[in-house]
Amino acid sequence: MTSDLPDSIADDYPDPSPDELGVGALFAEVQEPFHDLLAPPVDHDDLLPLVPRRTASPQTWTVTVADAKFHWYDLVAGFPEIPDIRDPVGRHLRRMQFDLEATTEKRLIYFVVNRPRVRFDTTRSTSWGFFSLKLTIPILLGAEEKRDSLTIELEVPFAATLKKPSVIVTDRFITLNWGGLIEALSIHDILQNYENTLTFQSKVQYVGQTKDPMGRLARARLAPVQKIHRDNEEFNDMLLLIQRMNIEVISDDGDPGELPENQNPIAADILLKDRIDVIECALIRYFEGPQMHGRSDKEAEVRKQRLREVQAANHLEHFRIDLRLDNPGKYEDLFSAHAGVSRTHIIDCTIVDGEVLVTRVPDKPAKG
């Protein structure tokens, strides 16, 4: 499928226009999907009793990662047909589609990540270790397809009826048939889940929020993400790192989200929206830099206005974002053009006149 197909398909199935969304005047010049930042949460008098009750004391926030998962974006970026769920690889692809589609209803943070291209080498054979389940798989690294291999040690699944599986390899997937169970794993599943000697790092290219009733990220119809994919697909694989955040609010009045009056879904979502909008803006500033390269001046102004509103409504003084995971792997070696590589990005943030000022907390030196 050629790189022109996404544009042609987008023409056949256009997203609703700003006028159809009721924000045409405000976003007449905007193509990026950030109109939700200024969307008024409540327009009807009968819903006003459900809006959150605010508190008056200053707040500080501590943001941590509740859970995180990588999805291989290249597998959906070419607008594939609906996968055949009778096929193990098809079931794998369909589960990923379901996972991505589910994120469009949630306020999660995503990172568009590039890693050097890796493929299974289908011209060479896999091999087994003597009297073991150590499987050696030939691979190709980079656009130049440098030959290499990796060895993984498999464990017999509970449902297996064979002691050693039969193996089928394509350039992107390996299928393990255990008799009573068939597993399909992508090359990135293998590299994440099994020890290996590769030292590649994950470059963050773009930061966003998954909440989108039009589901453009999951359907590969989000213009800035597709542009990054087109610009990098020759030399790199592209993945989405999706994170659910925990936000601890510290205030003399407690967390407004815990007040009995704020337990209804509308109030809870307004408060969560405040927090995720600010976290998104801070992570954009941290990974993409102060100029937000590739984003429009209109988006920058919208984000400044939104930050002022949230800061005032929540009396927000400062907040810390801690991206550490309990058991990080090599894929969590994150960096960008503006942030050095680390598995332990901790960022102190303040808002000054609609701008997020970020300061990275230095990594602790390795022991020993």
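The charged end of R115 sits over the ring of Y331, 3.6 Å from the ring centre; a charge gets this label if NZ of Lys or CZ of Arg is within 6 Å of the ring centre and within 35 degrees of the ring normal. R295 does the like with Y206, lying over its face at 4.0 Å from the ring centre. The model is a predicted one, so to speak of local features takes a pLDDT of at least 70, side-chain atom pairs count only at pLDDT 80 or more, and totals for chains, interfaces and linings use all residues. Residues are numbered from 1 along each chain as its sequence is written, and side-chain values use heavy atoms, with hydrogens and water left out.

As for the overall build, the protein chain has eight helices and 15 strands, taken as DSSP runs (H or I of at least four residues for helices, E of at least two for strands) and numbered from the N terminus. Of its 368 residues, 45% count as buried, where buried means under 20% relative accessible area, exposed over 50% and partly exposed in between, with a 1.4 Å probe and protein chains only. Among contacts (heavy atoms within 4.5 Å) with a separation of 6 or more, 71% come from residues 24 or more positions apart.

Next, the rings. Searching the whole structure turns up five aromatic pairs; rings of Phe, Tyr and Trp (its six-membered ring) pair if their centres lie within 6.5 Å, with planes under 30 degrees apart called stacked, over 60 edge-to-face and the rest tilted. F111 and F287 have ring centres 5.6 Å apart and planes at 80°, so this pair is edge-to-face. Since F111 belongs to strand β2 (residues 109-116) and F287 to helix α7 (residues 265-288), the pair ties together parts 176 residues apart in sequence. Both partners are tucked away: F111 is buried at a relative accessible area of 0%, and F287 is buried at 2%. Together with Y286, F111 and F287 form one aromatic cluster.

N262 is found in the loop between β11 and α7, and with a relative accessibility of 1% N262 counts as buried. Setting aside neighbours within four places in sequence, N262 touches V51, P52, R53, P256, G257, A267, A268 and L271.

On a 1 Å grid over the protein atoms alone, a cavity is a set of points where a 1.4 Å probe fits but cannot get out, while a pocket is an open set with protein on both sides within 12 Å along at least five of seven lines; lining residues have an atom within 4 Å of a point. The second largest pocket holds about 750 Å³, volume being the space filled by probe spheres set on the points, which are joined across faces, edges and corners. Its lining has 34 residues, with A68, K69, F70, Q192 and N193 nearest the centre. Elements giving two or more residues to this lining are β1 (59-72), α4 (88-103), β9 (182-186), α5 (187-193) and β11 (236-250), and β1 gives the most, nine. The lining splits into 15 nonpolar, nine polar and ten charged residues (Ala, Val, Leu, Ile, Met, Phe, Trp, Tyr, Cys and Pro are nonpolar, Asp, Glu, Lys and Arg charged, and the others, Gly among them, polar).

Residues lining the largest cavity include L241, Q243, R324 and H345.
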